[in-house]
Amino acid sequence: MPDTRLRETYRGVVYPWLCDAMGHLTTRHYMAMFDDAGWHLMLHLGCSAKAMKRERRGWADVKHEIEY
């Protein structure tokens with residue numbers, strides 16, 4: 001049976017200097033936090049940098065789509 005437990009992949013703080021004039025986290029910083037969470041998810045799936053290098057595998061972000 002697959003593991004269906006929720007996993008926390010990122011926890012951080014949104015400082016005022018990461019926000020725009022309206023007090024919203026900017027897309028630039030949101031995407032950086034999302035990228036950090038992605039690394040934690042990949043590590044959970046067994047794709048550590050060491051394992052990826054050893055197995056000569058990799059991945060690439062080929063498309064980011066943001067809709068407002």
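Mentor: One definition to start with: partly exposed means a relative accessible area between the buried limit, under 20%, and the exposed limit, over 50%. Keep in mind that this is a predicted model.

Trainee: Okay. Is Tyr 30 buried, partly exposed or exposed, and why?
Mentor: Tyr 30 has a relative accessible area of 45%, so Tyr 30 is partly exposed.

Trainee: Which ring does Tyr 30 pair with, and why is the pair called stacked?
Mentor: Tyr 30 pairs with Phe 34. Their ring centres are 6.5 Å apart and their planes sit at 20°, so the pair counts as stacked. The cut-off for stacked is under 30 degrees.

Trainee: How far along helix H1 are Tyr 30 and Phe 34 from each other?
Mentor: Four residues, within a helix that covers residues 27–44. Tyr 30 and Phe 34 are therefore about one helical turn apart.

Trainee: How many aromatic pairs does the structure hold?
Mentor: Two. Tyr 15 and Trp 17 also pair: the centres of their rings are 4.6 Å apart and the planes are at 5°, so this pair is stacked too.

Trainee: Why give both a distance and an angle?
Mentor: Because a pair of aromatic rings is described by the distance of the centres and the angle of the planes.

Trainee: How accessible are Tyr 15 and Trp 17?
Mentor: Tyr 15 has 38% relative accessibility, so it counts as partly exposed. Trp 17 is at 64%, so Trp 17 counts as exposed.

Trainee: New topic. Where is Trp 39?
Mentor: Trp 39 is in helix H1. Its relative accessibility is 45%, so Trp 39 counts as partly exposed.

Trainee: How far is Trp 39 from Thr 9?
Mentor: Their C-alpha atoms are 8.3 Å apart, while 30 residues separate them along the chain.

Trainee: Let's zoom out. How many helices and strands are there?
Mentor: The protein chain has two helices and zero strands.

Trainee: And what is its radius of gyration?
Mentor: The protein chain has 16 Å, whereas a compact globule of 68 residues would have a value near 11 Å. Its C-alpha atoms fill a box of roughly 45 × 30 × 20 Å along the principal axes.

Trainee: What share of the residues is buried?
Mentor: Buried residues are 9% of the 68 in the protein chain. The accessible surface comes to about 6,600 Å², and 58% of that belongs to carbon and sulfur atoms.

Trainee: Last one. How many positive and negative charges are there?
Mentor: There are 10 positive and 9 negative charges, and their mean positions are 12 Å apart.

Key
Residues are numbered from 1 along each chain as its sequence is written. This is a predicted model: local features need pLDDT of at least 70, side-chain atom pairs count only at pLDDT 80 or more; totals for chains, interfaces and linings use all residues. Side-chain values use heavy atoms; hydrogens and water are left out. Rings of Phe, Tyr and Trp (its six-membered ring) pair if their centres lie within 6.5 Å; planes under 30 degrees apart count as stacked, over 60 as edge-to-face and the rest as tilted. Buried means under 20% relative accessible area, exposed over 50%, partly exposed in between (1.4 Å probe, protein chains only). The radius of gyration is taken over C-alpha atoms; the globule rule is 2.2 Å times the number of residues to the power 0.38. Accessible areas come from the Shrake-Rupley method with a 1.4 Å probe; for residues, only the protein chains shown count as cover. Lys and Arg count as positive and Asp and Glu as negative; His and the chain ends are not counted. The place of a charge is taken as NZ of Lys, CZ of Arg, CG of Asp or CD of Glu.
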